[in-house]
Amino acid sequence: MSKQRIAILPGDGIGPEIMEATLSILTATGLDAEFVYCDAGMAAMEKGKPPVPPETIETIREIGVALKGPTTTPSGGGHSSANVAIRKALDLFANIRPAKTLPGLQGPFANANLDMIIVRENTEDLYAGIEYQAHPDVAQAIKVITRPGCRRLVKYGFKMAQEQGRKRVTAVHKANIMKLTDGMFLHEFYEEAKNYPDLIADDIIVDNCCMQLVTRPEKFDVLVTENLYGDIVSDLCAGLVGGLGLAPGANIGVDCAVFEAVHGSAPDIAGKGVANPTALLMSAVMMLRHLGRHEQADRITNSVLRVCSDGKCLTVDLGGKAGTKDYAVEVIHQSKALPAVS
Ligand code: ATP
């Protein structure tokens, strides 16, 4: 295969550390790639650029695929989210967040064998960023839901579920209260479901969904939902399967895709060399599969499974003592012990 170009956005906080670890693993598994570095987030602003410089968007658009570290978004003021800006600029409408239990890890559902995928709408909803101060004591935000936006998302969710041999697709919503917006989402969901008679299609109200996720998570398979609910529910699911350090994600558009962990820039542990790179690494695995590089994807996945089930080289968030680099070295070591990639 020819050299693969990949746009790399190291990001803020723990981003550069976990990116370095991830790229060292990708390189060690024999991926013939050219990494094209781009600025985003605080790193861009420190150079006097906007949080998402136009040249970063152009590079991702031209290459078609990017691996992105987390970017910091200040709460209640400051600059707007680089993540939201990238997703909107590149029309990355589907955010795919798998939540799967890894062997050997502790946690309330360590033995539950959870294997869910959250398919989150990525460009609309309250995240459209339409907020204004109507009065000194009144602030308003507009929730934007469009029929084409709902339809392409649910279409992607059902198609992905079928391709992956999944059995059930569940719409998560609050259509009992938001009858027009969430009602439209739900209507489009069931319209699209008619094209997939072999899949079970059902729906659940988001609050009930959260309750059932922490009591009977094994009953869920593919969850399709709007932007805000998807953001919250996917963090909840990350917690069920071992924490944010393990939760990968992909932002998929028509022409390009950006792969990034569910977690943020973790400023509390940045620069200490203790962050868990697994979430970004498994996002890179999703990227490899998107690119058809299944041998490298399998090799890294198997190596991570070995390191986790062995339990001797876990990062601090998983109850271990290993630093980011120690963990990366161990994943590389275990990957070399696996049978050769043909
Ligand atoms: P941001 O504002 O960028 O979203 P945040 O701190 O609010 O940052 P996260 O970065 O998602 O949100 O972090 C939430 C918690 O999870 C923090 O305590 C952080 O240290 C921890 N955490 C997040 N990612 C990791 C990781 N990869 N490894 C270890 N701990 C992590």
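Select Ser 265 and the ligand. A backbone N or O atom of Ser 265 sits 2.7 Å from a ligand oxygen atom, a polar contact (a pair of N or O atoms within 3.5 Å). Move to Ala 266: one of its backbone N or O atoms also lies 2.7 Å from an oxygen atom of the ligand. Then pick Asn 276, where a polar backbone atom is 2.9 Å from a nitrogen atom of the ligand. The protein covers 67% of the 610 Å² of accessible area that the ligand has on its own (Shrake-Rupley method, 1.4 Å probe).

This is a predicted model: local features need pLDDT of at least 70, side-chain atom pairs count only at pLDDT 80 or more, and totals for chains, interfaces and linings use all residues. Residues are numbered from 1 along each chain as its sequence is written, and side-chain values use heavy atoms, with hydrogens and water left out.

Next stop: the largest pocket. Select Pro 98, Ile 117, Gln 164, Met 286 and Arg 289, the closest to its centre among 32 lining residues. The space is about 930 Å³. A pocket here is an open set of points on a 1 Å grid over the protein atoms alone, with protein on both sides within 12 Å along at least five of seven lines; lining residues have an atom within 4 Å of a point. The volume is the space filled by probe spheres set on the points.

The lining has 19 nonpolar, five polar and eight charged residues. Colour by domain next. Domain 1 (1–92 + 253–342) and domain 2 (99–244) both contribute to this lining, so the pocket lies between them.

Last, the largest cavity, where a 1.4 Å probe fits but cannot get out. Its space is about 30 Å³. Select Lys 68, Asn 83, Ile 86, Arg 87, Leu 92, Asn 251, Val 258 and Glu 260 to see its lining. Helix H4 (82–89) and strand S12 (257–260) each give two or more residues. H4 gives the largest share, three.

Key:
Ala, Val, Leu, Ile, Met, Phe, Trp, Tyr, Cys and Pro count as nonpolar, Asp, Glu, Lys and Arg as charged, and the others, Gly among them, as polar. Domain bounds come from an automatic or database domain assignment. A polar contact is a pair of N or O atoms within 3.5 Å; within protein, one must be able to donate a hydrogen and the other to accept it, and residues adjacent in sequence count only if both atoms are side-chain atoms. Helices (H or I, at least four residues) and strands (E, at least two) are DSSP runs, numbered from the N terminus.
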